[in-house]
Each structure stands twice: as structure tokens, then as C-alpha cells.
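Trainee: Could you take me through one part of this structure closely? I would like to look at its salt bridges.

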Amino acid sequence: MSTQELLCIGPECGARFPIGEVIYTCPRCQSLLEVSAPAPLDVEAARRAWRERRLSDAPEDRSGVWRFRELLPFDDMRHIVTLAEGNTALLEAPRAARYAGLDALLFKHQGFNPTGSFKDNGMTVGASQALRLGMKTVACVSTGNTSASMAAYASAAGLLPVIFLPHGNISYGKLAQALEYGALTIQVEANFDEILRLVRELAPKLGIYLLNSVNPFRIEGQKTIMAELLEQLGWRVPDWVVLPGGNLGNISAFGKAFRELRSLGFIPRLPRFAVIQAEGSAPFHDYFRRRGEFHPVAKPETLATAIRIGDPVSWPKAIQVIDETNGVVETATEQEIADAKAVIGQCGIGCEPASAATLAGIRKLAAAGVIGAGELVVAVLTGHVLKDPDYIYRYHTGQLETPSGARIEPRFANQPVTARPDAGEIAALLERYHRH
Ligand SMILES: *Cc1c(COP(=O)(O)O)cnc(C)c1O
């Protein structure tokens, strides 16, 4: 077992627990837990090892999460489960940069993961913790990328994945992955919170390990996305890291990564963070503006289903990251997200709707002078373009509507056209398209 511990982040608690304790929040005060900081490292030796492992054939070295294992609470690699996650591309996108009003823009594309989202970076560590604890079953309440990822990693590890779904609230693309990867999928006639309460009661009785968003081991895995980004930038700290915010686990992980890498001596400073939420599902934006008490959104609405979250569990960690990095929280409308997504598509890159909130938000922040045109900006694309093909088809054919039924204007529409099997007609069509 690792010498690291689980720490309660509650300001008046500060309790510590062994890394092998099966707890998800503090048993004393119910606050979130986090894994304590990694042991001191030789910076140059670690940088060299992290790079050289990519040339190795060992699965734990080829993984873009486990090759950074000095940052993770695992001393040996015997219990880990990996599907060669991470090692994702950092892509230049001049067209998107122009759209946002910036000189340059980089996309760190987490959609290039085995199940198509950054959830894999966290799940490889969460599922490995389940193995280390000797659990046989893992569970989550989710219809989205978490369930797709958990199903894959649990099955790969020989664990039984169990997914609980709120009744009648199904996202087919992602559910399809969960079924294909072998998850036992249980629909319960209750809402998310009621099901979560039920599962938390059952888990200790049935020996089920929970891999919901609060799980601190998932956060550990997601930290490596930032280590890898810094490596790709030659350890130059970007001015801005921009990401969509739902449950706010990812911003918490990214902030923790930078905090630890700075105190270990890898980097001299922190970037600024911008979290972008969909306008109809923006409790964190509201809190950022008004402070005081945190007010959940009772009926969150957005077509960007991965960030349709009204009561994000990790907000206390997330606000800490925003405050210590002089960060900002912005919103984007359904129209802005849809257009930004089409522009990312036109770059030949593509992403799912939640990911496109980044470009929409950057464009607003650049127009407001918050982000400077010449700054080094990295947007994290969280999910793959094929996660939500229905949205894409509707957008390009002018059939996409907001949750309240307003039509979304397809400003970057690319409609399929029909033609008769006639060479002259098709040649004329191409001619017109070229001049266009
Ligand atoms: C989970 C997810 C998000 C939201 O991340 P949080 O950590 O919950 O804030 C955004 N985009 C995609 C594609 C996701 O799967």
C-alpha cells in the first residue's frame, strides 16, 4: 500500500484516513476527501522516466496515466487495469483560434481515449483501487460517459460493473457502450439523488465499490492530463486552461495537478483556469458571481448532456482552484455551443457538445478582454465527436432545438445534397460548391 492518505477537505475537520479505507466522503463531517500529495521527486529524473516509458512495451509504461505513476497513490503496478488510456493529442486549431479572436489555440483532445472521454483517465485509477481493495463489483449512477468508461474498465479488470439509471432518462450512444462492455444495467423508478442514496446504503452491505464522481481515485487519474499537457508544452505553463464544468471533478483534478507539480518543483507558477457551463445548467457560474450559499439548479437543461448537472458534488474543490489561480467561470448558450462545435468540426477535429462549450466561452472571454489574443490558451476537449451523432445531424439540417423548443440557427450548416446519377449535374454541383 502507498504511504499516502485520504484527507478530509472540510475546513474545520482535517481528518486523515488510510488509503485502503473504503470511504467516499468524510465519515465525520461528510466533506469531500482527497488523496494527500505525492512524495518529493527528482524533477529531471522523473521527466526523463515519464518520456522514456513511452518507448517501453509494458502496459503500465505505455498508459498515459500510469507512466506518471510517481504522481499517483500506487506503489506497485500489480493491481492496475489499463486500456492504454491517455497519451492524447495536443492539436493546433488556427480556424478555431480565428473564430475565438485569438492568435493561436490548442486543443487537448481527451476524446482520443479508449471509450472516447476523459473519464478513462480517472477510471483506470478508480478501477485499479477497486482491484487493490479486493472488491468484486463496482457501481455508478450515470447515463453518460462515466458509465461507458466504468463498464469498460471493470470488465477489463474482471469486475462486475453495475450501472443504475434514473428511469426514463437515457442517453443512447453512451448507454450502448455500457451494454456492449458488459455492464449490468438497472433502471430504477426514482431520480438521480434517490438512487444514489439507495446505492450508498447498499454498497457496504453487498461489497460494492462506488465509482461515482466523488471518488477521490478518479480525480488522481485525471491529474495526469495536466502532467501530459505540460510535457507536450516542454514544461511551459500555459496562460489559460479552459474546460467545461459539470460535476466539477475535472477542474478539481487539474487544479490539484498544478498545485502538486508546482510544489514538487516542476513548474514555477499556475495557469489561470476558465470553467464554462451551459447557460441552463450553471450553478457554479452563479456561485462564482454571487458567493454566499451554493444554490443547485433544480431542473438543469442543456443539449450538452455531459454537463447537464444541477448539483455538482465537487464545487468546494473547484472554487478553491478558481480562487487560487485567479480563474473565471463563464456560460455559453445552446446556440453558442452548437456553432462552436461546428467550428471545431471544421478544423477536422470534432468533439461532443459539452466539449465545445470551451470554444464558445473562450470567444466571449476574448471579446471581453479577459483572455488576451496573444496568450497561450489550451482548451480541453472532453469527449469524442461520435458520442452524439444525432445532435450533429440535426444541427446541419436545421432541425436542432434547445430544450425549451427554440430553433438553433445552423450558422455553419453543412447539409447533405442529393443529385441524380448524372455526371454533368454532379460536375455543376461541384463547380458551384468550389466557388462558394
Ligand atoms: C463528465 C464530462 C464533463 C464534465 O466534467 P466534470 O468533471 O463533471 O465537470 C464534460 N464533458 C464530457 C464529455 C464529460 O464526459
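**A close look at the salt bridges**

Mentor: Start with Arg 62. This is a predicted model, and in it Arg 62 has 41% relative accessibility, so the residue counts as partly exposed. Its partner is Asp 57. The closest N and O atoms of this salt bridge are 3.6 Å apart. Asp 57 is exposed, because its relative accessible area of 69% is over the 50% cut-off.

Now turn to Glu 231 and Arg 67. Their side chains form a salt bridge, at 2.9 Å from N to O. The pair joins distant parts of the chain, 164 residues apart. Glu 231 belongs to helix H8, which covers residues 216-232. Arg 67 lies in the loop between helix H2 (59-62) and strand E4 (90-92). Both Glu 231 and Arg 67 are buried.

Helix H8 also holds Glu 228. What does the side chain of Glu 228 meet in a salt bridge? The partner is Lys 108, at 2.5 Å from N to O. Lys 108 sits in strand E5, residues 106-109. Again the link is between distant parts of the chain, here 120 residues apart.

Arg 67, Lys 108, Glu 228 and Glu 231 are linked in a network of salt bridges. Why can such pairs form? Side chains of opposite charge can pair when their charged atoms come close. Across the model, the count comes to 24 salt bridges.

Definitions and conventions: Residues numbered from 1 in each chain as written. Predicted model: local features only at pLDDT ≥ 70, side-chain atom pairs only at ≥ 80, totals over all residues. Heavy atoms only, no water. Salt bridge = Lys/Arg side-chain N within 4 Å of Asp/Glu carboxyl O. Buried < 20%, exposed > 50% of the residue type's maximum accessible area, 1.4 Å probe, protein only. Helix = DSSP H or I, 4+ residues; strand = E, 2+ residues; numbered from the N terminus.
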